[in-house]
Amino acid sequence: METSPIPVVTVQTAPFDDQRPGTNGLRRKTAVFEGKRNYLQNYIQSVLSSIDLRDRQGCTMVVGSDGRYFSRAAIEVIVQMAAANGIGRLVIGHNGLLSTPAVSCIIRKIKAIGGIILTASHNPGGPSGDFGVKFNVANGGPSPDTVMERIYQVSRTLEEYAICPDLRIDLSRLGRHDFDLENKFKPFRVEIVDSVEVYLQLLRNIFDFNSIKSLLTGPNQLKLHIDAMNGVMGPYVRRILCDELGAPANSAVNCVPLEDFGGRPPEPSLTYATSLVDAMKGGDFGFGAAFDADGDRYMILGENGFFVNPSDSVAIMAANLSTVPYFRQLGVKGFARSMATSTAIDRVAKALKLALYETPTGWRYFGNLMDSGRCSLCGEESFGTGSDHIREKDGLWSVLVWLSIMAARKQGVEHIVRDHWAKFGRNYFCRFDYEGLDPRAAFYLMRDLEAVISDKAFTSQKFAVGDHVYSVEKADNFEYIDPVDGTVARNQGLRIIFSDASRVVFRMSGSGGGMGATIRVYAESFERDPERHNRETQVVLGPLIAIALKISNIHERTGRRGPNIIT
């Protein structure tokens, strides 16, 4: 206990007009959070004030970060403000580190009112990088639209915030720390906890660790190459895959969390995880994976660098969930995917006679489905997959599902994928990202494109590209009605569906770092014939991409010659 009570101070401030949270919380350039006076404090106060006062008094919250630059300073502010705002207990990861899946896990385990995660996901770190503040609610999942709107409305009129500026906490000291505050009857408690332990216990109850360990050890061991990309996942990979499951220590690289992620974006993609791609192409490893900064996204590669498309990954998991004890015991209730994700999982759902839900992008939409018992597995094309064990996408969980499938089927990654295509057909799929666009130009492009596809004449249109003729069957701006509570999400992406089930989708992304707008263009084509499953994705989808470029005029209207990233 402190010898004298710590004072609670009220600080006058003025509102900012740009604190509306996006798909993954509030993301801005780090310099905005660090350099704009009271910018962080205003947003944290808005988050805390969005919680009903009666619920807030004496409650428990979880705090963690992906270790990026400014996280430690921000956690100190959060601790000081949580104390001043009546929070009773904070549970914080050791050295401030907690993966996003671990935060969700701990919130649910200790029945916390919510959690604050400091991350900008796969965006760059460091002083010139991005920073983000994300608030997860009591089910462990991201804030629903109603909560985000409440936070934003508070931020628009905020005039003061409460803080205990003299409160100091050592994030490296595990254990409980109690503080007496002025005018508070109960001490304020901070618990610094092992970042991995609670999450590891959950995984032990889901998977057959002995089966996976047998795969990774012994004379015919599967050789892994795992890249933690200098994000939060390093300690999890070392503790779980190496210490617990027996993978050699040199299986894991870039496992020291760094504030700037070693100077590269912590994005598990073919574009940025190049050292993993090169290592896998060498043929020495049978399974490769990379994780993003906060551990909710992942990429899987097989021997010789065989790439598993994220949309295929979730479909293959869906078809093989019986290899995981958790699903054998609890059964499988249904599947869900974001609208932009390929329809590969739809074919699995149909074969298994299970419900398939198509939602907007954003993990929060899956939470309602899982809470109501409708959904067991869900995924997004942006390298995110998860289940109802928590309410977030979960990169390491996804890797363990893949290892479970490999252990049960005694097959390599490529063999499993090709078997899946042979059984269900192949959904060729790609995504073009146009990043850092002028927001006005992007807005008007999408507005004008919607006008084009909404015209009645458009639905009878045919597009001839080479020897391909595509007939439009349906075109709309995707709208989602939540089957649980009836809430409606409009303007979730423009989609054009052709008579052969091919699709083109245009979507403005809501997860940038405040540096211009991002338009994503998706193309998908289904191929049943196994003789045609070995073609190059860009060749197959070339005609659809040509149609997308023609009707949107995206290059002419943005001044771009092509996308920043092709996935």
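Strands (E, at least two residues) and helices (H or I, at least four) are DSSP runs numbered from the N terminus, and two strands pair if DSSP finds at least two bridges between them. Residues are numbered from 1 along each chain as its sequence is written. As the model is predicted, local features need pLDDT of at least 70 and side-chain atom pairs count only at pLDDT 80 or more, while totals for chains, interfaces and linings use all residues, and side-chain values use heavy atoms, leaving out hydrogens and water.

- Strand E13 (residues 298-302) runs antiparallel to E14, and two bridges join them.
- Across that pair, Leu301 stands opposite Phe307 in E14.

**The seven-stranded sheet**

- A further open sheet has seven strands in the order E2-E6-E5-E3-E4-E9-E8, again with mixed pairing.
- Strand E2 (26-29) and strand E8 (175-179) stand at its edges with a single partner strand each, so one side of each has no neighbour in the sheet.
- From one strand to the next, the twist averages 15°.
- E2 and E6 run antiparallel and are joined by four bridges; Arg27 has Gly132 in E6 as its bridge partner.
- Helix H4 (residues 71-84) packs on this sheet, touching strand E3 (60-65), strand E4 (89-97), strand E5 (114-118), E6 and strand E9 (188-193).
- The direction of H4 makes about 170° with that of E4.

**Cavities**

- The structure holds three cavities of 30 Å³ or more; on a 1 Å grid over the protein atoms alone, a cavity is a set of points where a 1.4 Å probe fits but cannot get out, and lining residues have an atom within 4 Å of a point.
- The largest cavity has a volume of about 80 Å³, a volume being the space filled by probe spheres set on the points, with grid points joined across faces, edges and corners.
- Its lining has 13 residues, and the closest to the centre are Gly25, Lys134, Phe135, Ser143 and Met148.
- Strand E6 (130-136) and helix H6 (145-157) each supply at least two residues of that lining.
- The lining of the largest cavity divides into six nonpolar, five polar and two charged residues (Ala, Val, Leu, Ile, Met, Phe, Trp, Tyr, Cys and Pro count as nonpolar, Asp, Glu, Lys and Arg as charged, and the others, Gly among them, as polar).
- The second largest cavity holds about 50 Å³ of space, and its lining has nine nonpolar, no polar and no charged residues.
- Among the residues lining the second largest cavity are Cys430, Phe432, Tyr522 and Leu549.
- Strand E19 (426-437), strand E26 (517-527) and helix H18 (537-552) each give two or more residues to the lining of the second largest cavity.

**Overall**

- The protein has 19 helices and 27 strands.
- The C-alpha atoms fill a box of roughly 80 × 60 × 40 Å along the principal axes.

Technical notes: On a 1 Å grid over the protein atoms alone, a cavity is a set of points where a 1.4 Å probe fits but cannot get out, and a pocket is an open set with protein on both sides within 12 Å along at least five of seven lines; lining residues have an atom within 4 Å of a point. Axes are lines fitted to C-alpha atoms, for helices over the stretch in contact, and angles run from 0 to 180 degrees between N-to-C directions. Contact means heavy atoms within 4.5 Å.
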